[in-house]
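I am opening a notebook on a structure that is new to me, and I mean to write down what I look up in the order in which I look it up.

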Amino acid sequence: MNRKQLGQSLNLKIEMVAPGRPNRSGKKINPQYITIHNTSNTSKGADADAHSNLIRNKGYYMWKGEKRYVSWHYTVDDNKVIKHIPIWERAIHAGKGNGQSIAIEVCMNQGINQQAANDRAARLVACLLHDLKLNKSRIVPHKHWTGKNCPILLLPNFASFCSQCESHLDAIDLSSSGSSTDEPQDGDMLLVTAEEMEIIKALDEELLGGAMAEDGPEDEDPDDEHTLIAQSLSELLSEEENSGK
Ligand SMILES: [Zn+2]
């Protein structure tokens, strides 16, 4: 598949976290890595839509009596990809990785076709690597940044997941006839918009020295963060059920 077809195969939905929400940092990053997470949430219904609801309408979990805001760029399940934040914006998901990487959460809810979800994630990664001109070595597990056991399902076979991403990436190059229609056009550019690419290009020029925003207190995260996020989601869903939504 060429880049355009691969992008279209993702079944992308755009559900951005509203600018100004506390889990939208507004800080710019020049992403050099793609950080892979698993949600660590095996509950029924903890799919991409549920995580989109969580990140847009709540956006935090409780830790030591305080709200800890979280965010990531894309959520993937077995039938769709949802985008939440521009790829040039720092999300809050992986400590030191926040300032350098795009974050993808791969769902693992009860009843999911996990292989389909993993392959959809691999296709998303291939599109991002292609657009940002990065190679397979830039795909990293959450564990790379913080030592956490995440992505819990993909970690034991992480190299094979990376190879899967690479074969999709290679297929883009092979199938590309060099014709401009193989590349995403205006209407297809939602996965990575032309505007996002422009911002990143400008950052590339501005930040050749690599000076990025310093890590802040929001980049420190608790060990069992994904479990706390899962708890936060189940509280949100039961509140919504009680309020008759
Ligand atoms: Zn993680």
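**Entry 1, the whole chain.** I began with burial and found that buried residues make up 42% of the 245 residues in the protein chain. I keep in mind that this is a predicted model. For the secondary structure I noted seven helices and eight strands. I then turned to contacts between residues at least 6 apart in sequence, and of these 80% join residues at least 24 apart.

Which residues of helix α2 are buried? In this helix, which spans residues 48–57, I found Ala48, Ala50, His51, Leu54 and Ile55 to be buried. They lie on the same side of α2, because the arc that they cover around the axis is only 160°. I also checked what covers these buried residues, and the elements include the strands β5 (74–76), β6 (81–83) and β7 (101–106), together with helix α7 (225–242). Just after α2 I came to Gly59, which takes a positive phi of about 85°.

**Entry 4, the hairpin of β3 and β4.** I noted that strand β3 (residues 60–63) and strand β4 (residues 66–69) run antiparallel and are joined by four bridges. Within this pairing, Met62 stands opposite Lys67 in β4. The hairpin has two residues between the strands, and Lys64 takes a positive phi near 50°.

Is Val192 buried or exposed? I located Val192 in the loop between α5 (158–175) and α6 (194–206). Val192 counts as buried because it has 21 C-beta neighbours inside 10 Å, where 20 or more are needed. Leaving aside its neighbours within four places in sequence, I found Val192 in contact with Ile87, Leu128, Asp131 and Met197. I also looked up Leu132, which is 60 residues from Val192 along the chain, and the C-alpha atoms of the two are separated by 9.3 Å.

Conventions
Residues numbered from 1 in each chain as written. Predicted model: local features only at pLDDT ≥ 70, side-chain atom pairs only at ≥ 80, totals over all residues. Buried ≥ 20, exposed ≤ 12 C-beta atoms within 10 Å, placed from the backbone. Arc of directions from axis to C-beta. Contact = placed C-beta atoms within 7 Å. Pairing = 2+ DSSP bridges.
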